[in-house]
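Work through the exercises below with the structure in view. Try each task before reading its solution.

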Amino acid sequence: SVALISKKLHNQSLSKKEIETIINEIVSGSLSEAEIAYFIMAVKEKSLSLQETAYLTEAMWRSGVTLKWAQKVIADKHSIGGVAGNRTTPIVVAICAAAGLTLPKTSSRAITSAAGTADVMEVLAKVDFPSTTLQTIVKKANACLAWGGALGMAPADDKLIRVGRILDLDPEAQLIASILSKKLAAGSTHVLVDIPFGPEAKVTKQKALRLKKKFLALGKQFKLTMHVVLTPGSEPIGHGIGPILEARDVLAVLQQKDQPKDLEKKSLFLAAELLELTKKAKKGQGKTLAVSLLRSGKALQAFNKILDTQGRKNTKLQPAKHQHTIAAPRSGKIQHINNHDINHLARLLGCPETKSAGLYLYKHTQGKVKKGDPLLTLYATKPEKLKAAMAYYKKQQSK
């Protein structure tokens, strides 16, 4: 495999057999983390063609467990990530499960952001299951919100994600193959992909359009009914950034109590798109159904059923004890919030490993503030982490 990775670094195309060899050696443990990093760098620096990406997707998908279902329509939703606090998945799954859809939702842990869906769900319930248990959960609750890494589905992907997190890299071809291989392994038939774009999101609008084209082309090749939406990713979504703080936002939307309006709005939009894609709602009527299921409490009931079936945890949703609130230095209007810096700040505070670490945003772009109003509160379990985050904040502010 090392010779094949070197071949890619010299800008030569890899065959289906060669990509299968690399993936099989990653799965078997024949490649060290340094050699896996070498492969990620090759994919990042030289990129893969659409055909090579298809080979990578198939090799990753076929290297592990594949789930099979009796239902003809198996729905899934996935965001490419990069936007701090963008915790729409648990809400969308709850709404769509309440509508009667089957959603065996598996998620990864955070790669470059403060928390992934699996990191957040782990606060509320057990997320690691063997595939047979997962199928029982879905049978009982219509859906699950599990960590894909425990299932043995596309096992190479989890190793690539772990090394990618250390390098702070998520190459385009690897991102596409990661998402599609997990959907194929989960037995999904109808997939909604959310691509947030913006200056500090993972992708610009131009790159988002290119990604959309590739997703649709590969989705067609693998016979998936796929819809891709581009959403604004220029600022964080919700108030909390970090596993416990994001879990609180999710519950606030589902319970309809002091919910972050931006998180609710985006979740309803995505749920409506998935309900229409799967023909649970007629064209243009998905939003009405999604709103009805959320407002009536049926989505909350569906979510509670998922938590109880997976094994609810009685975690106190309290942020970390060491905290510092940053106040507005003057009155005015918020012009911009740097998504990348917010994610980095949360990671300095201990996210996603420390579930109670993170930050709380009081305002969003265009929000009015008076001098002395709180802008954000930082939370950490160790004073030195809080100190490091404050130093980073001050450095970024002085630029």
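Two strands pair if DSSP finds at least two bridges between them. Helices (H or I, at least four residues) and strands (E, at least two) are DSSP runs, numbered from the N terminus. The model is predicted: local features need pLDDT of at least 70, side-chain atom pairs count only at pLDDT 80 or more, and totals for chains, interfaces and linings use all residues. Residues are numbered from 1 along each chain as its sequence is written, and side-chain values use heavy atoms, with hydrogens and water left out.

**Exercise 1.** Work out in which order the strands of the open sheet are arranged, and whether the pairing is parallel or antiparallel.

Solution. 
- Strands of a sheet pair through backbone hydrogen bonds, either parallel or antiparallel.
- Here three strands form an open sheet in the order 1-4-5, and the pairing is parallel.
- Strand 1 (75-79) and strand 5 (225-232) are the edges, since each pairs on one side only.
- On average, neighbouring strands of this sheet are turned by 15° against each other, direction ignored. Axes here are lines fitted to C-alpha atoms, for helices over the stretch in contact; angles run from 0 to 180 degrees between N-to-C directions.

**Exercise 2.** Find the bridge partners of Leu 192.

Solution. 
- Take strand 1 and strand 4: five bridges join them in the parallel sense. Lys 77 has Leu 192 of strand 4 as its bridge partner.
- Now turn to strand 5. Eight bridges join it to strand 4 (residues 190-197), again in parallel. Leu 192 stands opposite His 227 of strand 5.
- Further along, Phe 197 stands opposite Pro 232 in strand 5.

**Exercise 3.** Decide how many residues of strand 4 are buried.

Solution. 
- Buried means under 20% relative accessible area, exposed over 50%, partly exposed in between (1.4 Å probe, protein chains only).
- In a regular strand the side chains alternate between the two faces of the sheet.
- His 190, Leu 192, Asp 194 and Pro 196 point one way from strand 4. Val 191, Val 193, Ile 195 and Phe 197 point the other way, and all are buried.
- Eight of the eight residues of strand 4 are buried, so the strand is largely enclosed by the rest of the structure.
- Helix 10 (residues 205-221) lies across strand 4 and strand 5, at about 170° to strand 5.

**Exercise 4.** Count the disulfides in the whole structure.

Solution. 
- A disulfide is a pair of cysteine sulfur atoms within 2.5 Å.
- The search finds zero disulfides. For Cys 144, the nearest cysteine sulfur is that of Cys 96, 14 Å away.
- Cys 144 is buried, because its relative accessibility is 0%. Cys 351 is buried too, with a relative accessible area of 3%.

Technical notes. Contact means heavy atoms within 4.5 Å.
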